[in-house]
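Reader: Here is a model I want to go through term by term. Please set each value against its cut-off.

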Amino acid sequence: MEEQDETSRPVSKSKKVAKEHKEQLQRLQEKDPEFFKFLQEHDKELLEFDDDDIDDDVETDMEDAEMQEDEDVGPDMEDEEEKPSKNVITTEMVDSWCNSIRENGQLGAVRSLMKAFRIACHYGDDAGEESSVKFHIMSSSVFNKIMLFVLSEMDGILRKLLKLPSSGGKKETITDLMHTKQWKKYNHLVKSYLGNSLHVLNQMTDTEMISFTLRRLKFSSLFLAAFPSLLRKYVKAALHFWGTGGGALPVVAFLFLRDLCIRLGSDCLDDCFKGIYKAYILNCHFINAVKLQHIQFLSNCVVELLGVDLPSAYQHAFVFIRQLAMILRDAFNVKTKEAFRKVYEWKFINCLELWTGAVCAYCSEADMKPLAYPLTQIISGVARLVPTARYFPLRLRCVRMLNRIAASTGTFIPVSMLLLDMLEMKELNRPPSGGVGKAVDLRTVLKVSKPTLKTRAFQEACVYSVVEELAEHLAQWSYSVAFFELSFIPSVRLRDFCKSTKVERFRKEMRQLIRQVDANSEFTNERRMSITFQPNNPSASFFLEDEKKAGSSPLSRYVAILRQRARQRNDSLMESSVLVGEKASVFGSKKLPASDEEDDSADEQGATVFSSSSWLPGSASKDKPPKEEKKKKKRRMTQQEVVALEEDIVEDLVLSSDEEDGSMSDAPADEDGSASDVFSSDKDDDLKPVSPREQTKKRKLKNLPKKNVKSHAKQSKKRKRAN
């Protein structure tokens, strides 16, 4: 009885205070009505006081649970064992809170659950804070239940309390809500939910859990308009996950950022634009076959985000493009290796690729179209900065960007001179003196070594790329009235290259391109004879408009064949290298649920994500991993590793069909001699009687990599000499 009296005292006291205050207001209205009217006009909330506002059950659930556990613990037990058994949140407590919220929407249960949610999110933090907390979570099942329910249901609960629509909304709805009584009463619940969710988000390591948490928090991103500090932290966390995450996490993080920009507008646009550009630069310092597709995905995300608000995107793009122009200007003025290195690095080139994609995507908009001219000037300057053969891959990349800008904006860019200058360099005119060489992927390199310049594979890659890009450039103007004049100088220089080159394959390729250019000139000249307007007439832009839509010009058909050939060559290079986007591009094969279907599938996804993991925040630092066995086991090679080993061998053999015919004739004499020595030694070994011990050695040597075979052979020679 005494315990019951003690627990009922605080509740009864609060009720008495509320009744007394209400009676005082009634007396004031009777004694001084003028002052009461003044309060109605200036302090309405004081007069609308209601004793129902005091929640009797704010802490009753927690106190009842504490009393029940105190009764279960016997008085004879030691004091050391009482502390951990008292303060444990059980699954029954969580289920009772969840049921009361679903059935009655009790505010006390909501507050109790939010306290448990805070404890779950801060589990494993410093021990100093744990002493002040009454309750603790000891099992992963309780943690999973709390996290799953709060992340799935709390957005709807908060919207009901604040009298908001069940979904959607913009920044204006929150600014209007912040002046109401409901916001002053329940804003601490919103801040607690968002703040604790951010804390646990930064502690998580599993990508599926982070993806699920971000996907659920996206529905509550509207509330971040009231908390600017939390908004900045969420933007920073989402940018980190977008740039470094694996699987579906980059897509989920990007959708979260895009939703923030759409709903909150100017509050987060500047931070998102600057942050996503910096995150893109951090991820594109280097490019190889693995990162190629991932960087393309990041570039597409940046371009998509810029489309949310094009006027502000133009301001940021202008500043960033100006920075690139200043770096290029310093390189032209200073002319040092360090200045050249700042331009001829992947970070600079990928930024040019990014803004090329942005200008091409929004070229029809009046905001972004003015950026095409300065960007074209920068790309042309980069291509001409160091006009040497070692930077042929970089020049071809610049030409590709210029062709994209010309095709999207419909403006003429003099690209042909950049390509024809490459053909006149001696590295592409003389026969290769460095043998066949490895297949070169020009998309993953900016500069090649001096030995690679002399290889047949590099010459073929460069000449074929020049033909493809030049045909692409001419095909864009194959329906122009002035095509004959435009193609005259390129055709003359192509004929000069056919006369000067000593490689028959290149001569055949150029002759075929010249035939297509001549055929296209006849195609336009025949139709040009029947027109009556002058070249400066605006109707000249509609010349051969129907043929252009049908793509019936000879050059257009020829370019389609060249694109197919380039695609096949790139696919063969991909197969001969590491799998593209091995882990960074897994998201490409996964389909994200639509916004309408997310509510239905959220519970199932969350249940599988949280139930499949026994993870608790901060528990990784406490629990030590089990000791590994000291015995060495044979490592089982995964399928990707087997493919990678096979691809390393195939990489040297991926060449065109013509290479097999002339590979021996193009090889130098010293290489032929070394090859003949190898073949003769193999024949001599076959003629000698071989012991079974030597047979096993040969089998081992076949399985070893090439580098190890040479070292093993040297060791065996030394042993024979010693014997």
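Reader: Why is K163 called exposed?

Author: Exposed means over 50% relative accessible area, buried means under 20%, and partly exposed lies in between, with a 1.4 Å probe and protein chains only. K163 has a relative accessible area of 65%, so K163 is exposed. This is a predicted model: local features need pLDDT of at least 70, side-chain atom pairs count only at pLDDT 80 or more, and totals for chains, interfaces and linings use all residues. Residues are numbered from 1 along each chain as its sequence is written, and side-chain values use heavy atoms, with hydrogens and water left out.

Reader: What makes K335 exposed?

Author: Its relative accessible area is 58%, so K335 is exposed. K335 lies in the loop between α17 (310-334) and α18 (337-343). Phi of K335 is near 55°, also a positive value in a residue other than glycine.

Reader: Why does K145 count as partly exposed?

Author: K145 has 36% relative accessibility, so K145 counts as partly exposed. K145 belongs to helix α9.

Reader: Which residues does K145 contact, leaving aside neighbours within four places in sequence?

Author: T91, V94 and D95. Contact means heavy atoms within 4.5 Å. The C-alpha atoms of K145 and V94 are separated by 7.5 Å, although the two residues are 51 residues apart along the chain.

Reader: How do you know that C284 is in no disulfide?

Author: A disulfide is a pair of cysteine sulfur atoms within 2.5 Å. By this rule the count is zero disulfides. For C284, the nearest cysteine sulfur is that of C351, 5.4 Å away.

Reader: Is C284 buried or exposed?

Author: Its relative accessibility is 1%, so C284 counts as buried. C498 has a relative accessible area of 8%, so C498 is buried too.

Reader: What makes N350 buried?

Author: N350 has 3% relative accessibility, so N350 counts as buried. N350 is part of helix α19. Not counting residues up to four places away in sequence, N350 touches Y280, C284, I287 and I295.

Reader: How does the span of α13 compare with the span expected?

Author: The expected span is 1.5 Å times one less than the number of residues. Helix α13 (residues 228-244) has 17 residues, and 24 Å is expected. From first C-alpha to last, α13 reaches 25 Å, close to that value.

Reader: Which elements do the buried residues of α13 pack against?

Author: They pack against α11 (181-203), α12 (207-217), α14 (249-264), α15 (266-283) and α16. Among the buried residues of α13 are L230, Y234, F241 and W242.

Reader: Which element gives the largest share of the lining of the second largest pocket?

Author: Helix α29 does, with 12 residues.

Reader: How do the residues of that lining divide into nonpolar, polar and charged?

Author: The lining of the second largest pocket has 21 nonpolar, 12 polar and 15 charged residues. Ala, Val, Leu, Ile, Met, Phe, Trp, Tyr, Cys and Pro count as nonpolar, Asp, Glu, Lys and Arg as charged, and the others, Gly among them, as polar.

Terms used
Helices (H or I, at least four residues) and strands (E, at least two) are DSSP runs, numbered from the N terminus.
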